[in-house]
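Hello,

Here is the structure I promised to pass on to you. Have a look at it first, and then read on for what turned up in it.

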Amino acid sequence: LPAVEGGAQLGWWTIVVASALLSLLVLDAAARRLLPLAALLQLTLALPDRAPARLKVALRGTSRTRLEAWARQTTIARLDDDPGERVRQVLSLAAALHAHDRMTGGHSERVRALTAIVAEELRLSDDDADKLQWAALLHDIGELDVPAAILDKPGPLDDAERAVIRRHPMDGARIAEPLQSWLGEWADTVVHHHERFDGTGYPDGLAGERISLGGRIVSVTDAYDTMTAVTSYRRPRSPLEARVELAHAAGTQFDPRVVRAFLNVSRERLRWL
């Protein structure tokens with residue numbers, strides 16, 4: 001009889017603990033979608049950071065090999081298109097950018113991985129997420145037309161140099177134009193990633209949802225990596241400082257919905273506690 005009572009008691013406690021964990025998960029999901037962005041930022045800052053681990057997972061799990069396989073599958077039925085050639089074009093462009101400027105090449109790969117994480121949080125379809133990753137990998141491809149002396153300058157740029165840099169979204173769209181029919185709407189990521197949500201960005205001064213979703217996503221992931229990267233002329237910001245900056249710029253520079261998604265994936269989830 002004591003054994004039976006003990007088993008019943010254990011079962012009861014198991015139900016209580018499971019119910020509590022389930023409630024915690026539901027509250028976490030609701031809070032992250034309903035809390036004001038400032039409150040969500042405070043919530044995420046209070047929890048341990050898992051961004052580096054998540055980034056490593058993204059770098060492994062969404063490798064170029066997997067993207068190549070996706071490219072072959074999505075274009076295999078198109079008789080007027082050579083899927084292998086499309087893959088070669090993208091990887092050749094990425095390799096050329098890396099050779100032109102190693103810092104930019106590493107930056108593009110990190111932005112691709114961060115973008116994969118945000119795409120998962122925004123629940124994009126697998127097909128859309130993969131197209132977006134190709135576009136994110138090539139977001140700075142226009143910098144092939146920027147002299148290496150400007151890209152590698154150990155200090156702030158002057159007005160003329162900034163004008164050259166500001167042309168790279170349009171130059172990138174021109175370079176990546178052969179991929180337009182393949183990437184569809186996600187190709188606009190390249191030309192839109194420096195547009196600002198309030199309409200004060202470049203090259204076209206687009207605002208709000210007139211900016212492509214890819215452009216709004218990569219704007220956030222690009223800025224985060226830029227802020228946290230090591231450069232020769234300024235100290236990198238910590239992940240915590242960069243997250244605060246993203247939250248402060250939500251609604252002006254960045255789409256608040258995308259910032260919310262980024263904050264959700266960059267900190268330890270309550271369910272792991």
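Predicted model: local features only at pLDDT ≥ 70, side-chain atom pairs only at ≥ 80, totals over all residues.

The phi angle of Arg 123 is near 60°, a positive value in a residue other than glycine. With a relative accessible area of 66%, above the 50% cut-off, Arg 123 counts as exposed.

Now for the overall picture. The protein chain has 15 helices and 0 strands. Its length is 273 residues, and 44% of them count as buried. Among the contacts in the chain with a separation of 6 or more, 71% are between residues 24 or more positions apart.

Next comes the core. The largest nonpolar core holds 26 residues, and Leu 124, Ile 217 and Leu 246 touch the most other members. At least two residues of this core come from each of helix H6 (102-121), helix H7 (126-137), H13, helix H14 (239-248) and H15. Which of them gives the most to this core? That is H13, with 7 residues. As a general point, nonpolar side chains in soluble globular proteins tend to be buried together.

Leaving aside neighbours within four places in sequence, Leu 246 is in contact with Val 220, Ala 223, Tyr 224, Met 227, Phe 254, Val 259 and Phe 262.

The axes of H13 (residues 213-228) and H15 (residues 256-265) come within 9 Å and cross at roughly 50°. At that angle, H13 is oblique to H15. The crossing in which H13 passes H15 is right-handed. On the H13 side the contact is made by Leu 213, Arg 216, Ile 217, Val 220, Thr 221 and Tyr 224, and on the H15 side by Arg 257, Val 258, Val 259 and Phe 262. Sorted by class, this contact has 7 nonpolar, 1 polar and 2 charged residues.

Ala 113 and Thr 221 are 108 residues apart along the chain, yet their C-alpha atoms are 9.1 Å apart in space. Ala 113 belongs to helix H6. Is Ala 113 buried or exposed? Its relative accessibility is 0%, so Ala 113 counts as buried.

Finally, the stretch around H12 is worth a visit. His 192 lies in helix H12 (residues 189-192), and it is buried, with a relative accessible area of 8%. Beyond neighbours within four places in sequence, His 192 is in contact with Leu 206, Arg 210, Ile 211, Ser 212 and Gly 215.

The loop between H12 and H13 contains Asp 198, which is partly exposed at a relative accessible area of 35%. Not counting residues up to four places away in sequence, Asp 198 touches Ala 207, Gly 251 and Thr 252. Asp 198 and Gly 251 are 53 residues apart along the chain, and 6.9 Å separates their C-alpha atoms. Pro 203 is also placed in the loop between H12 and H13, and the peptide bond from Tyr 202 to Pro 203 is cis, with omega near 15°.

Enjoy exploring!

Best wishes

Key. Residues numbered from 1 in each chain as written. Heavy atoms only, no water. Axes fitted to C-alpha atoms, helices over the stretch in contact; angles between N-to-C directions. Helix = DSSP H or I, 4+ residues; strand = E, 2+ residues; numbered from the N terminus. Parallel < 35°, antiparallel > 145°, perpendicular 65-115°, else oblique. Left-handed = near helix turned anticlockwise from the far one by under 90°. Contact = heavy atoms within 4.5 Å. Nonpolar A, V, L, I, M, F, W, Y, C, P; charged D, E, K, R; others polar. Core = buried A, V, L, I, M, F, W, Y, C linked by side-chain atoms within 4.5 Å. Buried < 20%, exposed > 50% of the residue type's maximum accessible area, 1.4 Å probe, protein only.
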